[in-house]
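Visitor: I am new to this structure. Please take me closely through the contact between the chains, and then through the parts that go with it.

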There are 2 protein chains.
Amino acid sequence: MSYGLLTDFYQLTMAAGYFEAGKARERATFELFIRKLPWNRNFVLVAGLPQIAEYLLNLSFSKEEIDYLRGLPQFEHTHPGFFDMLAELRFTGDLFAVPEGTPMFGGEPMLTVRAPLIEAQIAETYLLSMIGFQSMIATKAARVVKAALGRQVVEFGTRRAHSPEAGVLAGRAGYIGGCAGTSNAAAGMRFDVPVFGTTAHSWIMAFPHERDSFEQLQRLLGESTVYLIDSYDTLEGARRAAALGRPLWGVRLDSGNLTELAPAVRKILDDAGLTDAKIMATGDLNEYKIHELIAARAPIDMFGVGTELSTSADAPSLGVVYKLVELESEESGRRYTFKLSEDKATLPGAKQVFRFADHDVLGRSTECLGCTGVERSPAEALLRPVMLGGKLIEPLPSTNEARHHAADCLAMLPAPCHSLFESHAWRVELSSELKSLTERVQQEAS
Amino acid sequence: MSYGLLTDFYQLTMAAGYFEAGKARERATFELFIRKLPWNRNFVLVAGLPQIAEYLLNLSFSKEEIDYLRGLPQFEHTHPGFFDMLAELRFTGDLFAVPEGTPMFGGEPMLTVRAPLIEAQIAETYLLSMIGFQSMIATKAARVVKAALGRQVVEFGTRRAHSPEAGVLAGRAGYIGGCAGTSNAAAGMRFDVPVFGTTAHSWIMAFPHERDSFEQLQRLLGESTVYLIDSYDTLEGARRAAALGRPLWGVRLDSGNLTELAPAVRKILDDAGLTDAKIMATGDLNEYKIHELIAARAPIDMFGVGTELSTSADAPSLGVVYKLVELESEESGRRYTFKLSEDKATLPGAKQVFRFADHDVLGRSTECLGCTGVERSPAEALLRPVMLGGKLIEPLPSTNEARHHAADCLAMLPAPCHSLFESHAWRVELSSELKSLTERVQQEAS
């Protein structure tokens, strides 16, 4: 598998243009960030880092890909040297990133890429879609998990994810965001995420009678048995499950009015002495519905969340962008870049995010604001080197470590940030050095 | 690459259960359909067929995957014969499908899988996510293209697609839905979709002055030159582009109030004698905004649509389901299956969709309603064999052929189906044979 063409075509026309303008090897600094928080989100949990490291470590163009490009009308007049260069292209630059699982806010770089212009440019598209998608899902998962108030949440959305690969990545990102696991078997194997799931309605329907399907399941799974009880009549299904007794884990409800059904099913289980049998609920759930179910005291022990989680249905895209902030060449020295487009303006120069106890300061990458050892007020510099000269400086944390980091970071955020509704409780300031640079660069340009 | 684990874990626990219950080889018929049309959609264009054929032709479990499963606590007590069977598993069944690009409606099977129960069950998850995603995007594209009233629409959404692979597939599906092409280079190469795109803001910012970047672009691209004019000041950018004159294709606007900017930019180009230079618009567009821009007579010649198209933002999932409708074994003969879950009831028995000039009839697969040669009223039976006994019966149509088929089918739909808003203008009836079967089977079960 070659990664070369997993990019927007204009990255390649620009690459050809940089080559012909003698700019291919100028040293560029790009920052990846969200302009502002998505609808109804008070933070974004960063996820997807090992996958972009994998991409950068393996970025290259196969002979077939280069032949394809060479045959396109857009490249008819392109200098053949460009294709020779593409055949040799590898990522030789530096990657700085905040650790996976870190909550970030509008305007704050999550990643910085410093590399020859052409390499950094081609990488843009893959980086945006990988970080954008996984961060969006990790964020959604954190909201759902918060709403569940300690009850387990499992990611069940593979079938509605935007492609099979998105399903695998949603399983990973959901786990980082706090889910107990996923239904996606490949995510389980690749990323060591616990896998969940027992049976679908087809299992029930594959037997002539619901009772037969329940008996067979109990023989198969013993204490892991979860009876899916809504295929024909939910309360009748609950009575059948209760009649079979132990061993069982519990039952699953997948349709109907859960606020009414859950207590009725609970009573049936309790009356049969199965007070430790659990109730799992699934079926178009999200953080808002879970919040309501818990407020209505529905006796549900575990939630399976599918479509709404794996598509982040109420905010199905994350407005990640990747902007050139510096460009350096031997002839012209360093130049700070920015744009002024309406509602899309960007700030010049490489940056660092300094996290204090109750706010962030966005400063220049060369600043040291409240760094460890400085007495005044301690802050953490969030962007750290991940790759230097095209190589990983150390192995990345595991998916499970990223999940723990996310939990630790989320525990530090003030309560309003955890609201299911918009609160924008976290303050992001600009350092005076960054403000000065911005003013100076804009004045020079005007 | 092995496809085995690209599935929900419960498919594998069910597979183990079918194996232990001696049901693995019972012949199952599953149908894939949407329960009802998504929000604000009057049809769904089916897409993704070659990718699921590829999956079914190559479905298998690697040794590593089987070792992973064997090590899970859920499979601790599973009969070792199950894993031996998994190691040998291939898809040996039949696939029936409607041609790619066919518009379908609620309750109508898009695919039918008839295969040994265990094979058909494991395939469910991949089929749902692949057909669901591509069909959702092809449908969205058809809406955007319709709104553009003959102006070209290009799919530009890779960076916001849900994973890099989703970006490639969105480029393919968007093209089937009527887009002129995509920004996704891999979709261009793999599926022969025309690729579009010239430069981003980073190109402009990579030069000390906007003018330098424009001059260099014109030298590079000649008549394909598209100046991106909104980096600093849109009208100033337009004047710079106009001053450079020919050769050029035109300019691109990516921010600001397009209703006001487009006429002003048009005037600048016209005043410079560049009446044939074109204006392309991009930036968070969708079918609704394009409809408004055209209604306001904004002089825009081409639209690039990104995030909203590649995520189907106003309806970001398609409620595809995959339901067991028949099960047959040598001992028990054939049994028709269904479920009654609230709002999620399904109809028993394998079906066929008969398309008449102004409505569909959903009948049993054994019926022949108005088939070719029958005088009364001609209808087309939409579900056709694609794979038999695990093999393709003939090569599938190309992406471009699917695109033409979609255009032909869409041209046959009545005007209300093309509304951007909900009209549900197409009638779907049940045949009397299907109604009888449903009543009989439900009575027998109660």
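Guide: Two residues are in contact if their C-beta atoms, placed from the backbone, lie within 7 Å. By that rule, 82 residues from chain B and 82 residues from chain A make up the contact. On the chain B side, the elements that each supply at least two residues are α1 (9-20), α3 (63-70), α5 (117-147), α6 (164-176), α7 (185-191), α8 (201-205), α9 (210-221) and β12 (320-329). These names follow DSSP runs, numbered from the N terminus: helices are H or I runs of at least four residues, strands are E runs of at least two. By class, the side of chain B that touches chain A holds 38 nonpolar, 30 polar and 14 charged residues. Here Ala, Val, Leu, Ile, Met, Phe, Trp, Tyr, Cys and Pro count as nonpolar, Asp, Glu, Lys and Arg as charged, and the others, Gly among them, as polar.

All of this is read from a predicted model, in which local features need pLDDT of at least 70 and side-chain atom pairs count only at pLDDT 80 or more, while totals for chains, interfaces and linings use all residues. Residues are numbered from 1 along each chain as its sequence is written, and chains are lettered from A and ligands numbered from 1 in the order in which they are written.

Next, the relation between the copies.

β12(B) pairs with strand β13 (residues 333-336) of chain B in the antiparallel sense over 4 bridges; strands count as paired if DSSP finds at least two bridges between them. E328(B) stands opposite R334(B) in β13(B), and 3 residues lie between the two strands of this hairpin.

Another hairpin of chain B joins β14(B) to β15(B), again through 3 residues. Strand β14 (residues 351-355) and strand β15 (residues 359-364) of chain B are antiparallel over 5 bridges, with K351(B) partnered by R364(B). β15(B) also pairs with strand β19 (residues 427-430) of chain B, in the parallel sense over 4 bridges. There H359(B) stands opposite R427(B).

An automatic or database domain assignment divides chain A into domain 1 (9-135 + 319-445) and domain 2 (138-310). The C-alpha centres of these two domains of chain A are 38 Å apart. Between them, 19 residues of domain 1 of chain A are in contact with 20 residues of domain 2 of chain A. On the domain 1 side, β2 (44-45), α5 (117-147) and α14 (399-412) of chain A each supply at least two residues. α14(A) gives the most to that side, with 7 residues. By class, that side of domain 1 of chain A has 9 nonpolar, 7 polar and 3 charged residues.
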